[in-house]
Amino acid sequence: MVKTSLLTSLALAISIGFSGIIAPSVSANTPIPNQNVQSQPLIEHVKSIRTEHKGISSTAITEKWFNPQNGFLRDDNFVKEPGKITLKSKVHQYPNKKSLYKETIDRYQDKDIWTYLGIETLNGQQVKKMKTIIEPKSGIYHIAYVSSSTGLPIKEDKFDNQNDLLTTYVYFYDQVTDPNGEIFTVKEKNLEIDLQKTK
């Protein structure tokens with residue numbers, strides 16, 4: 001029991017910046033040193049937290065780092081499910097991709113997917129409330145709250161055809177530098193922890 005509790009605490013600590021366990025990285029709130037801004041390219045960093053509200057209780061944290069200068073994208077995933085924790089990290093290269101942020105903004109402006117519901121205030125920010133066009137078969141839809149100033153989503157809720165909340169996604173954005181070249185050194189890492197074996 002003590003082992004499981006300790007491991008769960010470790011997993012929660014990892015979830016805040018789990019990529020550091022797999023390979024050195026820069027956390028979401030790392031300030032950019034002034035002297036490095038001129039010499040280092042700014043790397044786009046997105047962190048999302050997914051919480052399931054129905055069915056299997058699970059939490060997932062995804063972090064992405066993208067260097068628009070050379071097209072390198074790092075994708076880290078942490079998933080905590082009953083009895084299991086999974087950590088994955090992978091680096092890809094997309095030389096033709098210009099911006100992770102721009103790609104996200106464009107996705108939420110697609111009128112074939114999203115319909116505009118109005119302006120609201122969320123956590124002190126003015127946001128556009130958007131809703132996905134419902135698929136007739138499933139009835140599942142998403143409500144997104146998109147920053148009026150940046151065009152980036154802050155929060156997104158997924159609902160079933162009974163209007164019950166299924167999943168919540170919360171998003172965080174910033175730009176970081178990588179003076180030591182550590183973010184994109186990992187090509188691929190996978191780690192799975194079986195919590196049942198620690199009992």
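Q: Why is Ser 48 called buried?
A: In this predicted model, the relative accessible area of Ser 48 is 14%. The cut-off for a buried residue is under 20%, so Ser 48, at 14%, counts as buried.

Q: Where is Ser 48 placed, and which residues is it in contact with, leaving aside its neighbours within four places in sequence?
A: Ser 48 belongs to strand 1. Its contacts, with those neighbours left out, are Ala 60, Ile 61, Thr 62, Val 170 and Tyr 171. Tyr 171, in strand 9, stands opposite Ser 48.

Q: What makes strand 1 and strand 9 a pair?
A: A pair needs at least two bridges. Strand 1 and strand 9 share 10 bridges in the antiparallel sense, and therefore they count as paired. In general, strands of a sheet pair through backbone hydrogen bonds, in a parallel or an antiparallel way.

Q: Why does Ile 61 count as buried?
A: The relative accessibility of Ile 61 is 5%.

Q: How many residues apart along the chain are Ile 61 and Tyr 171, and what separates their C-alpha atoms?
A: Ile 61 and Tyr 171 are 110 residues apart along the chain, while their C-alpha atoms are separated by 9.9 Å. For the chain as a whole, 49% of the contacts with a separation of 6 or more are between residues 24 or more positions apart.

Q: What is the order of the strands in the sheet, and which are the edge strands?
A: The sheet is open, has 10 strands with antiparallel pairing, and runs in the order 5-6-7-8-9-1-2-3-4-10. Strand 5 (114–122) and strand 10 (188–194) are the edge strands, since each pairs on one side only. On average, neighbouring strands are turned by 15° against each other, direction ignored.

Q: How do you know that strand 5 and strand 6 pair?
A: Strand 5 and strand 6 (residues 125–132) have 8 bridges between them, in the antiparallel sense. The requirement is at least two bridges, so 8 bridges are enough to call them a pair. Tyr 116 stands opposite Met 130 in strand 6.

Q: Why is Asn 123 called exposed?
A: Asn 123 has a relative accessible area of 74%. Exposed means over 50%, so the value of 74% places Asn 123 in that class. Asn 123 is found in the loop between strand 5 and strand 6, and its phi is near 50°, a positive value in a residue other than glycine.

Q: Which residue takes a positive phi in the hairpin of strand 8 and strand 9?
A: In that hairpin, with 5 residues between the strands, Asn 163 has a positive phi near 65°. Asn 163 sits in the loop between strand 8 and strand 9. These two strands pair in the antiparallel sense over 5 bridges, and Lys 155 stands opposite Val 170 in strand 9.

Q: Why is Thr 167 called buried?
A: Thr 167 has a relative accessible area of 2%. The limit is under 20%, so Thr 167 is buried. Thr 167 lies in strand 9. Leaving aside neighbours within four places in sequence, the residues in contact with Thr 167 include Arg 50, His 53, Glu 156 and Lys 158.

Q: What makes the approach of Thr 167 and Glu 52 a polar contact?
A: The side chains of Thr 167 and Glu 52 come to 2.9 Å. A polar contact is a pair of N or O atoms within 3.5 Å, so the 2.9 Å pair is within the limit.

Q: What puts the buried residues of helix 4 on the same side?
A: The buried residues of helix 4 are Leu 100, Tyr 101, Thr 104, Ile 105 and Tyr 108. They cover an arc of only 135° around the axis, and so they lie on the same side of helix 4. An α-helix has 3.6 residues a turn, so residues three or four places apart point the same way.

Q: Which residue caps the N-terminal end of helix 4, and where does helix 4 pack?
A: Ser 99 is the cap: one of its side-chain oxygens lies 3.2 Å from the backbone nitrogen of Tyr 101. Helix 4 (residues 100–108) packs on the sheet, with strand 1 (43–52), strand 5 and strand 9 (165–176) among the strands it touches. The direction of helix 4 makes about 50° with that of strand 1.

Note on methods
Residues are numbered from 1 along each chain as its sequence is written. This is a predicted model: local features need pLDDT of at least 70, side-chain atom pairs count only at pLDDT 80 or more; totals for chains, interfaces and linings use all residues. Side-chain values use heavy atoms; hydrogens and water are left out. Helices (H or I, at least four residues) and strands (E, at least two) are DSSP runs, numbered from the N terminus. Axes are lines fitted to C-alpha atoms, for helices over the stretch in contact, and angles run from 0 to 180 degrees between N-to-C directions. Contact means heavy atoms within 4.5 Å. Buried means under 20% relative accessible area, exposed over 50%, partly exposed in between (1.4 Å probe, protein chains only). The arc is that of the directions from the helix axis to the C-beta atoms. A polar contact is a pair of N or O atoms within 3.5 Å; within protein, one must be able to donate a hydrogen and the other to accept it, and residues adjacent in sequence count only if both atoms are side-chain atoms.
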